[in-house]
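Please look through the sequence and the three-dimensional model shown below before reading on. The explanation that comes after it is meant to be read with the structure in view.

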Amino acid sequence: MKGNLVMTPENQQAFERSMDMLDSSIRELRRVAHNMMPESLLRFGLDVALKDFCYEINQSGALKINYLSFGLIDVDIDQTVSIALYRIVQELINNIMNHSGASSAIVQLTKSNDQLLLTVEDDGKGFDPAILKSNKGIGWVSIQNRIDFLKGKLDITSKQGEGTSVHIEIFI
Amino acid sequence: MAIKVFITDDHYMVVEGIRSILMLNKNIEWLGHAMTAASCMAFLHSQQPDVLLLDINLPDKSGIDLCKEIKTKYPDIQILGLSSFNQQSYIQKMMQNGASGYVLKNASIEEIVNAIEAAMNGELFLSNQASIELDENKDALIPVITRREKEVLALIAKGMTNKEIADKLFVSTTTVDTHRKNLLAKFQVKNTASLISLATQTQLLHNIDPKFNNK
């Protein structure tokens, strides 16, 4: 590129800077698009998509997540359920990263018979789940809505200083 | 003898870019390109390359499926996955379906040439970045178990039945049973007795947080 064009050094610098900005915009766009609807969720299903999601968070270094799944090999989970659970995990992990101060977390998904069991757990500072009764943030409201929609059950176990465990049960 | 290379990718710029790079290398003979899975299969019917560069995303079929199909029909062809996705699942599926390697589209000239040569020699090759992605953590000596599973484990050790545990934890017996099954799977044991003995050995039973037990 440089060899074929006549450019002043300043222009060349501006050109390279523009290319850099373009590159980072493309990366940003990919990241946003990916968060909206991860392709791996449509293509390979919930198990793989969650694995990728946790893996990427691990790579970023923000939080160490152990992803575990049981009974999900070659199991087809309905897309509505998959998307809802994926969003819930995203929201819970966001909460963990933004509020808990945790250094590690577990995301575990199990299918046994007609039941899907999701556990998201962290070793952060914990909170009193009772405050959610009076003052739910938009994140918890959306989690609760998704669970209600799937007729599932939500159970939060947390105490100040002892981390948080969230259990979600859905019958499919 | 030159390595015969064929590429299947629906992006003309990618095909042209790789072609212009490989043409500089005397050890590589460029057989041509296909832009769809169908035209790739049609070409392979008449002529087979040594190494096939295969895009993960093709308009008429997933490259991952096509990879399997080609390896079944022409096991001698070495396939290198070609993609801009640096994601574990894609890389893994591609390798499971018989690919010899995986090259990212932002790879350097050397990487692509090295990958082709490695594939030709029957070696596995992953782009620098791709191999980092695959390097999973394997510290699984003591299984990772959740707090709820620890509670269940402690109650099992006390000799409680599923029903009793369910009542204590305010969950259904199905759920307790799921936890029990997961524990067996995590410790890789067949029955509860071995589970308790192994859990005691790894000291998981002593580390149970007492605060969580007294609900």
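The model is a predicted one. Chain A has 172 residues, of which 30% are buried. Its secondary structure consists of six helices and five strands. Read from the N terminus, these elements follow the order α-α-α-β-α-β-β-α-α-β-β. If one takes the contacts in chain A between residues at least 6 apart in sequence, 66% of them join residues at least 24 apart.

Which residues of α4(A) are buried? They are A:Ala84, A:Leu85, A:Ile88, A:Val89, A:Leu92, A:Ile93, A:Asn95 and A:Ile96. When the helix is viewed down its axis, these buried residues fall within an arc of 165°, so they line one face of α4(A). After the helix comes A:Gly101, which has a positive phi near 65°.

One of the covering elements, helix α6 of chain A, contains A:Ile147. This residue is partly exposed, with 19 other C-beta atoms within 10 Å; a residue counts as buried if 20 or more lie within that distance. A:Ile147 is 59 residues away from A:Ile88 in sequence, while the C-alpha atoms of the two are 8.7 Å apart in space. Leaving aside residues up to four places away in sequence, A:Ile147 touches A:Gly152, A:Leu154 and A:Ile168.

Two loops of chain A also deserve attention. The loop between β2 (104–112) and β3 (115–122) holds A:Asn113. The phi of A:Asn113 is near 55°, a positive value in a residue other than glycine. Is A:Asn113 buried or exposed? It counts as exposed, because it has 11 C-beta neighbours inside 10 Å. The loop between α6 (138–149) and β4 (153–158) holds A:Lys151. For A:Lys151, too, phi is positive and near 55°, and the residue is not a glycine. With 9 C-beta neighbours inside 10 Å, A:Lys151 is likewise exposed.

The next topic is the contact between the two chains. How many residues of chain A are in contact with chain B? There are 22 of them, and they meet 14 residues of chain B. On the side of chain A, the elements that give two or more residues to this contact are α2 (39–44), α3 (46–60), β1 (64–70), β2, β3 and β5 (164–171). The residues on this side of chain A comprise seven nonpolar, ten polar and five charged.

Chain B has 215 residues, and buried residues make up 38% of them. Ten helices and six strands are found in chain B. Of the contacts in this chain between residues at least 6 apart in sequence, 60% join residues at least 24 apart.

Within chain B, helix α7 (residues 147–157) and helix α9 (residues 173–187) pack with their axes 10 Å apart and at an angle of about 90°. The two helices are therefore roughly perpendicular. In this contact, B:Arg148, B:Glu149, B:Val152, B:Leu153 and B:Ile156 of α7(B) meet B:Val176, B:His179, B:Arg180, B:Asn182 and B:Leu183 of α9(B). These residues divide into five nonpolar, two polar and three charged.

The buried residues of α9(B) are B:Thr175, B:Val176, B:Thr178, B:His179, B:Asn182, B:Leu183, B:Lys186 and B:Phe187. Around the axis they cover an arc of only 155°, which puts them on the same side of α9(B). Just after this helix, B:Gln188 has a positive phi of about 55°.

Terms used. Residues numbered from 1 in each chain as written. Chains lettered and ligands numbered in written order. Predicted model: local features only at pLDDT ≥ 70, side-chain atom pairs only at ≥ 80, totals over all residues. Axes fitted to C-alpha atoms, helices over the stretch in contact; angles between N-to-C directions. Helix = DSSP H or I, 4+ residues; strand = E, 2+ residues; numbered from the N terminus. Parallel < 35°, antiparallel > 145°, perpendicular 65-115°, else oblique. Contact = placed C-beta atoms within 7 Å. Nonpolar A, V, L, I, M, F, W, Y, C, P; charged D, E, K, R; others polar. Buried ≥ 20, exposed ≤ 12 C-beta atoms within 10 Å, placed from the backbone. Arc of directions from axis to C-beta.
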